[in-house]
Amino acid sequence: MANHALNPSDLPGGHPTHVFPTPRTYVTIAAILFVVTALEVGASFLVRMGFPYWLEVTALLSLATIKGALVVLFYMHLRFDSRWFSMLFLSGLFLGGLCVIAFLLL
């Protein structure tokens with residue numbers, strides 16, 4: 001039987017170039033995550049300072065989304081992988097969110 005698997009060297013242009021983050025990138029992302037975490041701690045006191053509850057919830061959800069996106073993009077290397085993996089991850093996240101909403105509405 002013939003092997004019909006596609007080798008990267010069979011692609012036009014040879015091997016695809018892989019870009020990997022440097023240690024400096026990891027340290028920078030860790031510093032950003034630290035700052036966002038500090039902002040979350042500060043945002044958790046918004047109601048006690050007289051701000052409406054919806055503002056605190058919105059701020060905390062926004063900051064958590066930013067942190068989650070940074071972790072997924074850099075520490076899980078989704079930014080440096082194929083767009084196919086990103087689409088698989090986002091579709092699972094979307095379907096999971098729909099399930100949560102459906103169960104909350106039941």
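Rings of Phe, Tyr and Trp (its six-membered ring) form a pair if their centres lie within 6.5 Å; planes under 30 degrees apart are stacked, over 60 edge-to-face, and the rest tilted. This is a predicted model, in which local features need pLDDT of at least 70, side-chain atom pairs count only at pLDDT 80 or more, and totals for chains, interfaces and linings use all residues. Residues are numbered from 1 along each chain as its sequence is written, and side-chain values use heavy atoms, without hydrogens and water.

**View 1. Y26 and Y75 form one of two aromatic pairs in the structure.** The ring centres of Y26 and Y75 are 5.6 Å apart and the planes meet at 15°, so this pair is stacked. Y26 belongs to helix 1 (residues 23–43) and Y75 to helix 2 (residues 53–75), so the contact ties together parts 49 residues apart in sequence. Helices (H or I, at least four residues) are DSSP runs, numbered from the N terminus. Y26 is partly exposed because its relative accessibility is 26%. Y75, at 33%, also counts as partly exposed. The cut-offs are under 20% relative accessible area for buried and over 50% for exposed, with partly exposed in between (1.4 Å probe, protein chains only).

**View 2. F74 and F80 form an edge-to-face aromatic pair.** Their centres are 6.1 Å apart, with 70° between the planes. F74 has a relative accessible area of 12%, so it is buried.

**View 3. E40 and K67 meet in a salt bridge.** A search of the whole structure finds one such bridge. The term requires a side-chain nitrogen of Lys or Arg within 4 Å of a carboxyl oxygen of Asp or Glu. Here the N to O distance is 3.0 Å. E40 sits in helix 1 and K67 in helix 2, so distant parts of the chain, 27 residues apart, are linked. E40 is buried at 15% relative accessibility. K67 is partly exposed, at 22%.

**View 4. Seven residues form a nonpolar surface patch: V71, Y75, M76, M87, F89, L90 and L93.** Together they have about 640 Å² of accessible area, computed by the Shrake-Rupley method with a 1.4 Å probe, and only the protein chains shown count as cover. Patch residues have over 30% relative accessible area and no salt bridge; nonpolar side chains (Val, Leu, Ile, Met, Phe, Trp, Tyr) are joined within 5 Å. Helix 2 and helix 3 (83–105) each give two or more residues. Helix 3 supplies the largest share, four residues. V71 lies in helix 2. Its relative accessibility is 32%, so V71 counts as partly exposed.

Note on methods: Patches are made of residues with over 30% relative accessible area and no salt bridge: like charges are joined within 9 Å, nonpolar side chains (Val, Leu, Ile, Met, Phe, Trp, Tyr) within 5 Å.
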